[in-house]
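Let's take a walk through this protein together.

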Amino acid sequence: MVEICTIGGYNEVGKNSTAIKIGDDAYVFDLGIHLENYVKYTQDEDIVDISPKELMKAGAVPDISAIEDWKNNVKMILPTHAHLDHLGAIPYLANNFKAPIMCTPFTSEVLKGILTEDKIKLNNKIRSMSANSSFQANNVKIEFVHMTHSTPHTVMIALHTKEGIILYANDFKFDLFPTLGQKPNFKRLEELGKQKVLALICDSTYAADARKMPSESIAKEMLREVMLGIDSKNKHVVVTTFSSHIARLKSIVEFGQKMNRKIVFMGRSMAKYVRAAEATGIAKFTNKVEVLKFSGQIKRKLKKIAKDRGKYLMVVTGHQGEPKSTLAKMMNNELKFKFFPEDHIIFSCRTIPTPTNIANRQKLEADLRTFNVRIFKDIHQSGHAAREDLRDLINLVKPQHIIPAHGELRMTSALADLAVEMGYKKGQNVHVMGNGERLKL
Ligand SMILES: [Zn+2]
C-alpha cells in the first residue's frame, strides 16, 4: 500500500514537505521553510539558538509531528532543488530522521554552504545524484528527471513502487528555450506515462493562470532591452534579482560585459549561490565578476563606485526589499549610497505578494525615488508552470490520481478544476488536501 502525508505547503506557498510510505519504508520529499514566517520569527526575537519546535509553532518549518509514527521508517530525505522553501528546514529537522539526504549536485552544494555558514552539524549523510539517473533503494527505485526551473539542477522525482509510479513535481516550468542547461526531459515523462503513474503530486502555484509560462529566454530579452537598449552612459546601474537564479545572473553578467562595466555582486546569499554554481561547474563568474559577501568589503567598494559613476554594474541582493539586504542597506545609514537623478535601478523579479514583501518594497521604492532615479520593475518571468503547462504534464504522464501541492487553497483548487476539466473526479482521483492529512492509495 502507498500512503501519502501532506506535511507542509498545502495551505500556503512555502515550507514544502510531503512524505510517502510504501510498506515499511517512508521517504520525505522536500523540507522547506516558510520564508516570511521564518524571517519574522528570527528577526522579531533575539534568538541565539533557534529551536525546531519553536520554528514549527511559528509556521516557519513543516510540522513533522504529522509523521511522528513514521519517524523510524524514514529511509531518505529528497529535496528537489536548492530553493529555501524546499530545503531550508533541513538544517533544523533532518536530525529527527536516521536517513541520508539525496539530491542533485548543485542542491547539495547549496545545502552544505548553509550548514557551514550557520555552523550546523547534521548526522545525516548528504549524497548527490545527477538528474536523469536513478538508483534502487530497498523496495523502490528513485529516479531524478531533469526539469527547468529558476535555479539549476531541479528535478521531478519518480518513485517507482510495486503499485505504480509516484511522480513528485515541485517545482518546475516547461521551458522550451532555457538560457542555461537542458530542456525538460519530456521524453522520459512520456515514457513514464506509458507505464503506470499511480499519483502525481504537483506544483499548483500558477494553476489559475491561463497561459503557458514564458521561457527564461524571454526574461533575458527583457533584460537585454533595459540594459543595452536604454542609454545609461555615466549613470549608476543597479540590478537586483534572486541569488539562486544562476541563469538570470549569467545573462546579467553577459550584458554587463557588453556595457563595458566592471561587475560587482554584493550580498551574502549571492556569494553562497555563486560559490555553489562554480563548485559544480554550472557557471563561471570569478574571472568576470567581483563577489563581495561582507558589509565591510561592500562598504569600501561602494565608496569607490560612488566616485566612478558609470563604470560599474552593481548586482545586489534585496529585490523584495528585505531589510537586511544590500540594496536596503544602501538606502539606510549602514551603507548609505547616494544615487543621482536618472540612475538606473532594475528589478529583475516580481514582488512575491505577501504583506511583508509589499510593505518592504514600497519602503525601498519610496527611498529610491527620493533620488529621482529611473526604476525598471518586473524584468522577469516566473519559474513555475502555468495552467497550460500543467495540462501538458497531465497529458504526458497520465496519472491515475492527482494531488495539487505548493499553494494556498485557491491555487490547489485551480489545479483540481483543471483536472476535472480533463475528466478527473474531485474526491475520487483528484485530492485537494490541507497540511497534515493522509491519503491511502
Ligand atoms: Zn523553487
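Predicted model: local features only at pLDDT ≥ 70, side-chain atom pairs only at ≥ 80, totals over all residues.

Start at the zinc ion, which is held by four side chains: His81 through NE2, His83 through ND1, His149 through NE2 and Asp171 through OD. The distances from these atoms to the metal run from 2.1 to 2.2 Å. If you trace the donors along the chain, you get the spacing H-x1-H-x65-H-x21-D.

So what is the geometry like? The angles between the four donor atoms at the zinc ion span 94 to 164°, and that makes the arrangement irregular. For orientation, the ideal angle for four tetrahedral donors is 109.5 degrees. Histidine 81 has 0% relative accessibility, so it counts as buried. Histidine 83 comes out at 13%, and therefore counts as buried too, given that buried means under 20%.

Now move to the sheet. Six strands form an open sheet with parallel pairing, in the order β14-β13-β15-β12-β16-β17. The edges are taken by β14 (289–292) and β17 (374–376); each has a single partner strand, so one side of each has no neighbour in the sheet. From one strand to the next, the twist averages 20°.

Zoom in on β12, which covers residues 237–241. How many of its residues are buried? Five of its five, so β12 is mostly covered. Val237, Val239 and Thr241 point one way from the strand, while Val238 and Thr240 point the other way, and all are buried. On one pairing, β12 runs parallel to β15 (residues 312–316) over four bridges, and threonine 240 sits opposite valine 316 there. On another, β12 runs parallel to β16 (residues 344–348), with five bridges joining the two; here valine 237 faces histidine 344.

β15 has a further partner in β13 (residues 262–266), again in the parallel sense, over five bridges. To find this pairing on screen, look for lysine 262, which stands opposite tyrosine 312 of β15.

Next come the helices that lie across these strands. Helix α7 (residues 216–228) lies across β12, β15, β16 and β17, and runs at about 175° to β16. Helix α9 (residues 268–279) lies across β13, β14 and β15, running at about 105° to β13.

Asparagine 16 belongs to the loop between β1 (2–8) and β2 (17–22). Is asparagine 16 buried or exposed? Its relative accessible area is 2%, so asparagine 16 is buried. Beyond its neighbours within four places in sequence, asparagine 16 is in contact with residues including Asp30, Pro62, Asp85, His86 and His406.

Finally, look at leucine 418, which is part of helix α14 (residues 409–421). With 0% relative accessibility, leucine 418 counts as buried. Which residues does it touch, not counting those up to four places away in sequence? They are Arg387, Leu390, Arg391 and Ile394. Isoleucine 394 is 24 residues from leucine 418 along the chain, and their C-alpha atoms are separated by 9.8 Å.

Definitions and conventions:
Residues numbered from 1 in each chain as written. Heavy atoms only, no water. Donors = N, O, S within 2.8 Å, 3.2 Å for Na, K, Ca; no water. Tetrahedral: all angles 85-135°; square planar, octahedral: opposite > 155°, others 65-115°. Buried < 20%, exposed > 50% of the residue type's maximum accessible area, 1.4 Å probe, protein only. Pairing = 2+ DSSP bridges. Axes fitted to C-alpha atoms, helices over the stretch in contact; angles between N-to-C directions. Contact = heavy atoms within 4.5 Å.
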